[in-house]
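The following note sets out points for a colleague who wishes to read this model with care. Each point takes up one topic.

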Amino acid sequence: MTTDYSWIPLLLIIWPVLGAIVIEICAAVKKTVWIERVAIVFALAQSGLSLFLGLGVWGRVPVRVDDFSLLVDGLSALMGFLINAMILLILLFSVRYMKHEQEQGLVSTRRHRLYYTLILIFAGSMNWTVTTNHLIQLYVAMEASTLATALLVALYRKKASLEAGYKYIILTVVGMTFSLLGMVLIFAAAYPHIGAEALLLSKIGHVVRIIPRNVALLGVACMTCGFACKAGLVPFHAWLPDAHSEAPSPVSAMLSGLIIKIGAYALARTVTIFAPANHGIVLFIALLACISMLIGIMMALVQDDLKRMLAYSSVSQISYIFLGLGLGSYLGIYGALFHLVNHTLIKALLFMSVGAIMYATGGVRRISQLGGLAKKMPVTAFCFIAGAVALGGLPPFNGFVSKFSLFLAAGEKHLYWAVAVSIFTGLLTLACLVRAGYLVFWGKPALAESQTNADIREVPRSMYMVLLILAALCLVIGLFPNLLYPILDGAARSILAVCSAGS
Amino acid sequence: MITEQSLITLMLAIIIASVAALEIRNLKYATYAYLISSIFLCGIIVSYAFLSRNESLYLWAITCVLIKVIIVPRLLIRYIRMIPQMEHQPVIGLVLSVAVLVLMLTAFYRVFHTYIAFFAPTDAALRAPVRDLLAGACTVFMLGIWTLLSRRDVIKTVIGLVLMENGVHLILLALAPQLKETTMIGILTNVVAVVFILLYLSADIYRIFGTTDSARLSELKR
């Protein structure tokens, strides 16, 4: 007898929203101590559900819920599990971090509650984004995830955070409107031939073959601009460093780990399908990605603010993912998805390490003002350096394996200039992050010793355990990349299956 | 009686009202101009539904009235009460701005009208009135982008955003009237949420910065 999984996708969308409602009820009946526990219990259940769903999907047939146009294939299951597991880790890290922020008077009790409510609503919107099989629903769900995070970015209600939230919402909404335009153009061109099926993501492979080339290119250009806006590629990146640096650190981890990845996910679902038929698209995305990765890392090198530096390096790393997805080949998609998973782990690790530094030093995040923290915060120091080396792409960490797959994929398509730019960017990334790590943990502090360093100590266990889990994952995946192979292979093949559908 | 000619007239009315929403310096009246353009937009949806005998579009028209004519302008007006009534001086003056707009919009309309086949190669889109509707919709979309680029006031930015969305919704109407009602309603509901959250942030921006001039949000230009 086969297990019926079709109830899970819809539940995964509703469940977190239910959690948000429970939190609001807890607050209404003055049980504020329960809020964190409720959020964590709901996130734990969500991760369990998505893992269960994944086990049912990986290597087998996709799960369909036709009434709501939901479809869970290998890629959706991978993204779903990644999202829910990351949200669980981020919430675990947040408990002490946000309590600390509340005690410092940076967030009010009401906003402290709002924080957990919005994270759960965000989880719901993300689950919807990755499970939908409907082009326009994809747009609506992505917009919903933007809106849920806009208030999280502006949570501190300071001048800088309000400005960051405002920029974030304006730029992403304008970008997404462009992608809606692209979707409509493609739908309109395909509708006379295949009817309402033109809206299904699983039928895009068919759409590619029937619509005229110029419409396909125009639609893809609009969608790429929109998704690149969401993902923060140069020249659409203006919101990214501001939003990442002004949001609370766990939210920065979420933005860098999940939100910008959703742009890449949408690209994989739509633009990648068009790539094999049009070499122009491959070149366009490769060029965009190369410019973006180089400018991103150069901007990162000149930053003094740790979080801004990490944010710019995200601009650069998401470009690797775009490069791979734009190639449209198996190896490209495989490498890109591998790097997507790795970058989510690494960036969450790095942003939360910076969060730990800010927790311990009372909010200092300038490299020039920090120094000599290694003795006082050994666990954080180890985790940050592990993340820095992994992001730079050195073996035995996970970043090496996925970047190497991407280099091979670009080489396979004879884009040697892209390989060269990627390798050069990788070296700069390594230099940038290791330098920052060295200065922060072993360098001489710029401020007087007594003034800042006196009562700095390692962060609470609930925080550093999260960092250790992430660092261990980076190492384990780097040492045994084959562990993830079946899942990533299934995900990459599910995209290729859409490509070849209807031929 | 509703004819194809009335669709084109309504389209022209939308463009004029949208230009007014952009050019009127008093924010309250600019919002009313937006409201009027939204009423015309609903008129277009109803006439189009009538002409193409597509009943599902009536439901869309009702949602449109609810959202674009009632909720969004109400949100805007409620926020405008808290701030100075006049917008921050834009970069270029009124006369020059109107002159540039007229030239630009005419050019855009002509270009879109001529090259419709390039981006919408369907039989329906190539014939009047859909062809005119589509060219007009693209013009409204460009007007929205122009507003976003040329205005500094937070409210004007929001108006630019909703004008741009109006353009996309008109394109949607012209190219994809076969979409399910639920999808259309989903797209429209997004607009309310965006405007609500933007204004919610703007209220705090005004409280803390003491201005609605987005050019003076320069904390992060480092």
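Which residues lie nearest the centre of the largest pocket? The points below begin with that matter; the model is a predicted one.

1. The largest pocket. A:Phe68, A:Ser69, A:Leu70, A:Trp128 and A:Gln137 are the residues nearest the centre of this pocket, and its lining comprises 38 residues. The space in the largest pocket amounts to about 920 Å³. Sorted by class, the lining holds 22 nonpolar, 11 polar and five charged residues.

2. Contact between the chains. The contact draws 43 residues from chain A and 40 residues from chain B. Between them, chain B and chain A bury about 3900 Å², and carbon and sulfur atoms account for 76% of that area.

3. How many salt bridges does the rule find across the interface of chain B and chain A? The rule finds one. A:Arg157 and B:Asp204 form a salt bridge, with 2.5 Å between the closest N and O atoms. In general terms, side chains of opposite charge can pair when their charged atoms come close. Residue pairs in polar contact between chain B and chain A, with both residues at pLDDT 80 or more, number four.

4. The side of chain B that touches chain A. Helix H5 (116-119), helix H7 (130-150), helix H8 (154-175) and helix H9 (181-209) of chain B are the elements that give two or more residues to this side. Of these, H9(B) gives the most, with 15 residues. By class, this side of chain B consists of 27 nonpolar, nine polar and four charged residues.

5. The largest cavity. The count of cavities of 30 Å³ or more comes to four, and the largest cavity holds about 50 Å³ of space. Its lining includes A:Leu12, A:Ser50, A:Leu53, A:Val72, A:Phe81 and A:Asn127. Helix H2 (34-57), helix H3 (74-103) and H4 of chain A each contribute at least two residues to this lining. The largest share comes from H3(A), with four residues. The lining divides into six nonpolar and five polar residues, with no charged residue.

6. The second largest cavity. What volume does the second largest cavity have? The volume is about 50 Å³. A:Leu71, A:Asp73, A:Thr132, A:Asn133, A:Leu201, A:Ser202, A:Arg269 and A:Val498 form the lining of the second largest cavity. That lining has three nonpolar, three polar and two charged residues.

7. A salt bridge within chain A. Over all chains the count comes to 14 salt bridges. In one of them, A:Glu24 and A:Arg113 meet through their side chains, at 3.3 Å from N to O. A:Glu24 belongs to helix H1 and A:Arg113 to helix H4 of chain A, so this pair ties together parts that are 89 residues apart in sequence.

8. Cis peptide bonds. The bond from A:Val234 to A:Pro235 is cis, with omega near 5°. A:Pro235 is placed in the loop between helix H8 (213-231) and helix H9 (239-246) of chain A. The peptide bond from A:Pro395 to A:Pro396 is also cis, with omega near 5°. A:Pro396 lies in the loop between helix H15 (378-392) and helix H16 (398-412) of chain A.

9. A positive phi angle. Where is A:Lys30 placed? A:Lys30 is in the loop between H1 and H2 of chain A. The phi angle of A:Lys30 is near 60°, which is a positive value in a residue other than glycine.

Note on methods. Residues numbered from 1 in each chain as written. Chains lettered and ligands numbered in written order. Predicted model: local features only at pLDDT ≥ 70, side-chain atom pairs only at ≥ 80, totals over all residues. Heavy atoms only, no water. Contact = heavy atoms within 4.5 Å. Buried area = accessible area lost by both parts, 1.4 Å probe. Salt bridge = Lys/Arg side-chain N within 4 Å of Asp/Glu carboxyl O. Polar contact = N/O pair within 3.5 Å; in protein donor to acceptor, adjacent residues only side chain to side chain. Nonpolar A, V, L, I, M, F, W, Y, C, P; charged D, E, K, R; others polar. 1 Å grid on protein atoms, 1.4 Å probe; cavity = no way out; pocket = protein on both sides within 12 Å on 5 of 7 lines; lining within 4 Å. Points joined across faces, edges and corners; volume = space filled by probe spheres on them.
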